[in-house]
Amino acid sequence: MSNVLGIDVGGSGIKGAPVDLEVGDFAEPRLRITTPEKSSPKNVVAVLREIVDNFAPTIGDGPVGISFPAPARHGVIPFIANLDQEWAGLHAENYISDALGRPVTVLNDADAAGLGEVHYGAAKGVPGLVILTTLGTGIGSAVINNGVLLPNTELGHIEIDGHDAESRAASSVKDRKKMSYKDWATKRLQPYYATLEMLFSPDLFVVGGGVSKDHDKFFKYLDLETPIVPAQLRNRAGIIGAAWQAQWRLEHPDVTEQQVIAAAEEAKKDD
Ligand code: BGC
């Protein structure tokens, strides 16, 4: 199997690397380019092209998996907080694929990390329900049952005590408010994970995002029934998972996004 390019588009950086899907790791060191100040589709695509060109010898004419800090419903980004609003409502998958001239799969960043962890990391072979949350600027979520992803969950936006959860519990809040690990964990993370536990009865929590490397500083303050472990692939999970998804889509052309959309249109007519 050839190497497949995975790219993570974030509010501050756009990072890509060819992924060796046999081993589930980067085949070459990643390239990071600062997100353009105006992060419009046009400007972001220029960066994506630079990353694709950089790795062209390794990835041939293969597919590209690209993760965004937003839901991605059959290739369309319905809303987005941390990039230019021109993305909202855009069929990002078609737009980028046309611009790059190759197959492109667009998915949510936390879903990408979840796929990375389930195929190569902390959730590999774990039976039952796994919830991965990424703690960073916001909170992203991936819900995986017996290895199958339920895409586009937005569990960072559940309401807790009248607040959007990520506005209280993201690690960016801890940094901004200069909270200690103990205060952040006991006051912000504990109610968040306890609520997820009550709503979903998961079998495992996996915690990703940059702060997960410091897990020994805050996991100890959490009092949960559910085991909680750090992401194993750290900040590589999203790029690896995006590449995995791009390859999967290529190998399963029978279930096309068009079919899903057409079926939904039919169902609307029957209403
Ligand atoms: C977005 C999610 C995203 C998460 C992490 C949230 O604000 O709504 O889609 O996964 O941030 O980037």
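This is a predicted model: local features need pLDDT of at least 70, side-chain atom pairs count only at pLDDT 80 or more; totals for chains, interfaces and linings use all residues.
Trainee: How are two packed helices described?

Mentor: By the angle between their axes and the distance between the axes. Axes are lines fitted to C-alpha atoms, for helices over the stretch in contact, with angles from 0 to 180 degrees between N-to-C directions. Helices (H or I, at least four residues) and strands (E, at least two) are DSSP runs, numbered from the N terminus. Here, helix 3 (residues 109-120) and helix 8 (residues 237-251) pack at about 85 degrees, with axes 6 Å apart. That makes helix 3 roughly perpendicular (65 to 115 degrees) to helix 8.

Trainee: Which strands form the open sheet, and in what order?

Mentor: Five strands, in the order 9-8-7-12-13, with mixed pairing; two strands pair if DSSP finds at least two bridges between them. Strand 9 (148-150) and strand 13 (228-230) are at the edges with a single partner strand each, so one side of each lacks a neighbour in the sheet. The twist averages 30 degrees from one strand to the next.

Trainee: How many bridges join strand 7 to strand 12?

Mentor: Five, between residues 129-135 of strand 7 and residues 204-208 of strand 12, which run parallel. Thr133 stands opposite Val207 in strand 12.

Methods: Residues are numbered from 1 along each chain as its sequence is written. Side-chain values use heavy atoms; hydrogens and water are left out. Angles under 35 degrees count as roughly parallel, over 145 as roughly antiparallel, 65 to 115 as roughly perpendicular and the rest as oblique.
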